[in-house]
Amino acid sequence: MLPFKLFLPESFEEAIQLMKEHSAKPISGGTAVTTLIKERIFQPTAIVNLRKLERDHSYIREMDGEIQIGALTTLRTIETSEIVKRDLPVVADCISKIASIRIRNVATIGGNLAHADPDLDLPPVLAGLDAHIDIIGEEGERSKNIKEFIQGYYETDLKEGELIKSIRIPVSSDRKGIYLKHRALSEADWPCVGVAAFMDNSPGSIPEVFINSVADTPIMRIEGIEEIFSDGITSELIDKVGELASEQCDPIGDSRGSVWYKRKMAGEFTIRALREVTGVGESLI
Amino acid sequence: MNNYIEATIHEIEFKVNGEEISMTIPANLTLVELLRQELRLTGTTEGCGVGVCGCCTVLIDNKVVASCLELAVNIDGKEVLTIEGLADTYQLSEFHPLQTSFREYEGFQCGYCTPGMLISSKALLDQNPDPSDEDIREFLSENICRCTGYDSIIMAVKSAAKKMNA
């Protein structure tokens, strides 16, 4: 790695100050950023390493109807948390599908979301659960829905000098969700395509589908599901939503599949996920 | 605030295989570089360098970590276990049961991935002293071996677990 200055603040305030003073970029677990630095895609002159904030900002708390997770909490801590397994099983399941245990032991949820890679597994699930990102900056704190937080290809709503402080995920026993990850290469690879489908238990509710890896953001919502399911849900209509997913996505061809293949898989996995959450048609997983 | 002036250099104190060490290191040093180049603990190997292959796996405070992606400054105040310290964790014997089992079952050929395999297997057995084939496959799924075809590794881990539970 090329040399860089590295600062080790112990609080968000100190970190924000250092980022400003040295035009430094933040790094949390570092499993993604270190790779970019090694490959010289990212050549920082100064880095603010947030690792020491772990002491105060690695936590999972039960709040009023939601679970708050500190930005420095590692993915493995979340995945193995009894609270998360009980109240947000789809989150625990999704995280267990990310990379390998030795990466999840280090990678943090704050770093994961701030990275905003279009292939990230978590954002479609957090979108389905309507999670909020709490942001801290020089001017104070603010909050943003995950769907507005991630804005494009590696782009978030974070302004210069802002950091993610925590993530709040509503808990609802009435909402059922599933995340299906299709890997084209190895078990711990990024998804070829990942589909999250969610649906409320209440009668007449319409499922929502979010897909990663097939657009410029990890949260591509399939539009037009309401019209298709307006008179009820049948497996023929689910197939139609699958076609819609194939049409609406805009993947790039790479080692995980051609554009044609990824479109096909986006449709197929949408059908599989919808059959699970709606209970309509035979299970395909 | 002194280290902010010379922020490219950091003082760290840590333990490797039980030994306390304090040293000054550059900020851009990775843990595997620290182990191999500075401490000459060359048992830990670096394969892909991007956290995928599992060769460089070490334990930091008993958790498996890819040492090629971990900045060395992050081990300040922590305890690292590498393959050189593995045997000492088991009744101060010459070899850890995992090491003898890997030899008995031919759980390696070229040996490059073996330190990472052994360290990951130790972490597995610490958490789960009697793992099923499926547990072993899952835990070692991101330790890549291009020689053995994995079956002998799984048999070796099972046999080590048996020895340790006896």
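Reply: We begin with a sheet. Chain A has an open sheet of 4 strands in the order β11-β12-β13-β14, with antiparallel pairing. Its edge strands are β11 (175-182) and β14 (220-221) of chain A, each of which pairs on one side only. This is a predicted model: local features need pLDDT of at least 70, side-chain atom pairs count only at pLDDT 80 or more, and totals for chains, interfaces and linings use all residues. Residues are numbered from 1 along each chain as its sequence is written, chains are lettered from A and ligands numbered from 1 in the order in which they are written, and side-chain values use heavy atoms, with hydrogens and water left out.

Me: How many bridges join β12 to β13 in chain A?

Reply: Strands of a sheet pair through backbone hydrogen bonds, either parallel or antiparallel. Two strands pair if DSSP finds at least two bridges between them; strands (E, at least two residues) and helices (H or I, at least four) are DSSP runs, numbered from the N terminus. Here 5 bridges join β12 (residues 193-200) to β13 (residues 208-212) of chain A, and the two run antiparallel. A:Ala196 has A:Phe210 in β13(A) as its bridge partner.

Me: Which residues have the most contacts inside the largest nonpolar core?

Reply: In soluble globular proteins, nonpolar side chains tend to be buried together. A nonpolar core is a set of buried Ala, Val, Leu, Ile, Met, Phe, Trp, Tyr and Cys residues joined through side-chain atoms within 4.5 Å; buried means under 20% relative accessible area, exposed over 50%, partly exposed in between (1.4 Å probe, protein chains only). The largest core has 59 residues, and those with the most contacts inside it are A:Val91, A:Leu113, A:Leu122, A:Val125 and A:Ile146. Apart from it lies another core, of 28 residues, among them A:Leu8, A:Ile27, B:Ile60 and B:Val80.

Me: At what angle do α4 and α6 of chain B pack?

Reply: Axes are lines fitted to C-alpha atoms, for helices over the stretch in contact (heavy atoms within 4.5 Å), and angles run from 0 to 180 degrees between N-to-C directions. Helix α4 (residues 114-127) of chain B packs with α6(B) at about 45°, their axes 11 Å apart. That makes α4(B) oblique to α6(B): angles under 35 degrees count as roughly parallel, over 145 as roughly antiparallel, 65 to 115 as roughly perpendicular and the rest as oblique. Residues of α4(B) including B:Met117 and B:Leu124 meet residues of α6(B) including B:Ile153 and B:Val157.

Me: Where does A:Tyr154 lie?

Reply: A:Tyr154 lies in the loop between β8 (150-152) and β9 (155-156) of chain A. A:Tyr154 has a positive phi of about 55° although it is not a glycine, and at 36% relative accessibility it counts as partly exposed.
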